Number of protein chains: 2
Amino acid sequence: MGRDDTHNYLIAPNPGNTRLTRVVQGVDEAGKAADIPVVEERPLTVFLNGQEIVTAMTIGDYPEYLALGFLRNQRMLQLGESVTGVDFDEELETVVVRTDGSTTYEEKLKKKTRTSGCAVGTVFGDMMEGLDDLTLPKALVHTSWLYTLCSIINRTPSVYLEAGAIHGTVLCRQDNPMVYMEDVGRHNAVDKIAGWMLSEGEDGADKILYTTGRLTSEMVIKCALMGIPALVSRSGFTAWGVDIAREVGMTLIGRMRGARFTCLSGEDQLVRDAEPKHVQDKKAR
Amino acid sequence: MGRDDTHNYLIAPNPGNTRLTRVVQGVDEAGKAADIPVVEERPLTVFLNGQEIVTAMTIGDYPEYLALGFLRNQRMLQLGESVTGVDFDEELETVVVRTDGSTTYEEKLKKKTRTSGCAVGTVFGDMMEGLDDLTLPKALVHTSWLYTLCSIINRTPSVYLEAGAIHGTVLCRQDNPMVYMEDVGRHNAVDKIAGWMLSEGEDGADKILYTTGRLTSEMVIKCALMGIPALVSRSGFTAWGVDIAREVGMTLIGRMRGARFTCLSGEDQLVRDAEPKHVQDKKAR
């Protein structure tokens, strides 16, 4: 392929950003000293108006997108709710998201905190609630797109290629990767994409989401809440992730490496326009 | 090696347990129908006395150990606090841990919920608090043990080998793997080991913890709180994980695959009694 790997990205990884990795000294198995690049991991506390919501461990780029996407995927920000400000304070490691008027979430949190005693368990419940009656739009997925996407993504310079120990998520349209986010928390990478989509008013219906992480219930739910009808991963599945994908009509593809993949939901949306045997079995991300 | 892979385990994985995996129908890249085993993922809500604490997503085995270990690693259960009951209700998907007298945690939670508005962010803070002034006991780590451990662990029948998409953590003493837990959440696997150690009154000082997960701050903190002076992973590091390991005096070994590994903390505790070139480069877990 002569295609420039990165020129089509709206946002590509930035492995040259010196805030994202650090070189530490260590030794290898033979006792030889080595300089090892490792990813940074920083706490980021998200506030919604006056309310502290969560502290996420993140690599630290795009804190505003992470906060917006997290709140939206938790349905703490309602669709169409007007965001009046997103303020990141690097020193305090906080992002404050402001909306006009008080949010419905603050009342909800108060109620949940009272009834269940602690808000920790509500995070998941909030997401499940958003799934009620959700059915994703139908959207064909060409297998040739999948092979092209994986080929480009695997060769894109990234923090992963530099330092490892980080997950990546890529928002794609057909065979074009558009926004490639990385994070130490795999859900953060997805939330940063959700934040970007919310900021840009981008719709999920014509998109494919690629992730290096496993296709767990939480990953499938986030993708569904983002309105994206196809989710692709190099990793495997959980049973509940498969159940939810089938319920909402998502095309779910896992164990995608080289020519191989497994489709456990939405195979009627697959258009087989590429011969697997012609796909080179490149080292997958 | 003629050594029986599993006979020394006190607890080994149980891939034959039909509650842990399910076969779902899918198609492969060529459109061929395939039966794919996938791991189960179930919610489990942990209560401490009358207080709901957290809902974890878990594969579902050893719920009592998971609850006990989570509470202990969060320092919601104090050392020496008397646990009067641990009741798992399969239908309700709950575990209630009971202690004699009210716990200090309930007062703490009330305070934190008031000051920070939401308890979500306190989970991490609680763990960090437990690290104050913690210094792990010195303990030599023989490189021959590491190679033997990895060789046994990689060949041990497991849910991972059956269905993938699951993390494993193994409590070891010298070159003997003792307790091998698996879970869809990598922290759950560690917490289940912590619960087993608490139940058995097992000390961490002479142990090595092996994990398939990355060496993030949370993983290093949990290992430190369990009093285990050596943590080994096939995966990579985060900078904060390395910082904490150095602060508490933990031997931290990552990227362990075949003969190769990287040691980023506590290399003075390594005893190099195995020649890396004699280690076969087997496919690592």
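Visitor: Which domains does the domain assignment give for chain A?

Guide: The model is a predicted one. Within chain A, the assignment separates two stretches of sequence. These are domain 1 (42-130) and domain 2 (141-278).

Visitor: How many residues does each domain of chain A bring to the contact between them?

Guide: Contact here rests on C-beta atoms, placed from the backbone, that lie within 7 Å. On that basis, domain 1 of chain A supplies 17 residues and domain 2 of chain A supplies 18 residues.

Visitor: Which element gives the most to the side of domain 1 of chain A that touches domain 2 of chain A?

Guide: Strand E4 (51-58), helix H1 (63-73) and helix H3 (122-130) of chain A each provide at least two residues of that side. By class, the residues of the side are 11 nonpolar, 4 polar and 2 charged. With 9 residues, the element that gives the most is H1(A).

Visitor: What is the order of the strands in the open sheet of 4 strands in chain A?

Guide: The edge strands of this sheet are E4 and strand E5 (83-89) of chain A, each pairing on one side only. Strand E3 (residues 42-48) of chain A pairs with E4(A) in the antiparallel sense over 7 bridges, and A:Thr45 has A:Thr55 in E4(A) as its bridge partner. The pairing in the sheet is mixed, and the order is E4-E3-E6-E5 (chain A).

Visitor: Which element supplies the largest share of the side of chain B that touches chain A?

Guide: In the contact between the chains, 53 residues of chain B meet 54 residues of chain A. Among the elements giving two or more residues to the chain B side are strand E1 (21-28), helix H2 (104-116) and helix H8 (239-248) of chain B. The residues of that side comprise 27 nonpolar, 16 polar and 10 charged. The largest share, 6 residues, comes from E4(B).

Visitor: What relation is described by the rotation that superposes chain B on chain A?

Guide: Chain B is superposed on chain A by a rotation of 180 degrees with 0.0 Å of shift along its axis, at an RMSD of 0.0 Å. That relation is a two-fold axis.

Visitor: Which strands stand at the edges of the open sheet of 8 strands?

Guide: The sheet has the order E2(A)-E1(A)-E13(B)-E12(B)-E11(B)-E10(B)-E8(B)-E9(B), with mixed pairing. An edge strand has a single partner strand, so one side of it is left without a neighbour in the sheet. The strands at the edges are strand E2 (33-39) of chain A and strand E9 (176-183) of chain B.

Visitor: What angle does the direction of H8(B) make with that of E13(B)?

Guide: Neighbouring strands of the sheet of 8 strands are turned by 30 degrees against each other on average, direction ignored. H8(B) packs on this sheet, touching E1 and E2 of chain A together with strand E12 (251-257) and E13 of chain B. The angle between the directions of H8(B) and E13(B) is about 65 degrees.

Visitor: What is the bridge partner of B:Arg173 in E9(B)?

Guide: Strand E8 (residues 167-173) of chain B is joined to E9(B) by 7 bridges, and the two run antiparallel. In E9(B), the partner of B:Arg173 is B:Asn176.

Notes. Residues numbered from 1 in each chain as written. Chains lettered and ligands numbered in written order. Predicted model: local features only at pLDDT ≥ 70, side-chain atom pairs only at ≥ 80, totals over all residues. Domains from an automatic or database assignment. Contact = placed C-beta atoms within 7 Å. Nonpolar A, V, L, I, M, F, W, Y, C, P; charged D, E, K, R; others polar. Least-squares fit on C-alpha atoms with pLDDT ≥ 70 in both. Pairing = 2+ DSSP bridges. Axes fitted to C-alpha atoms, helices over the stretch in contact; angles between N-to-C directions.
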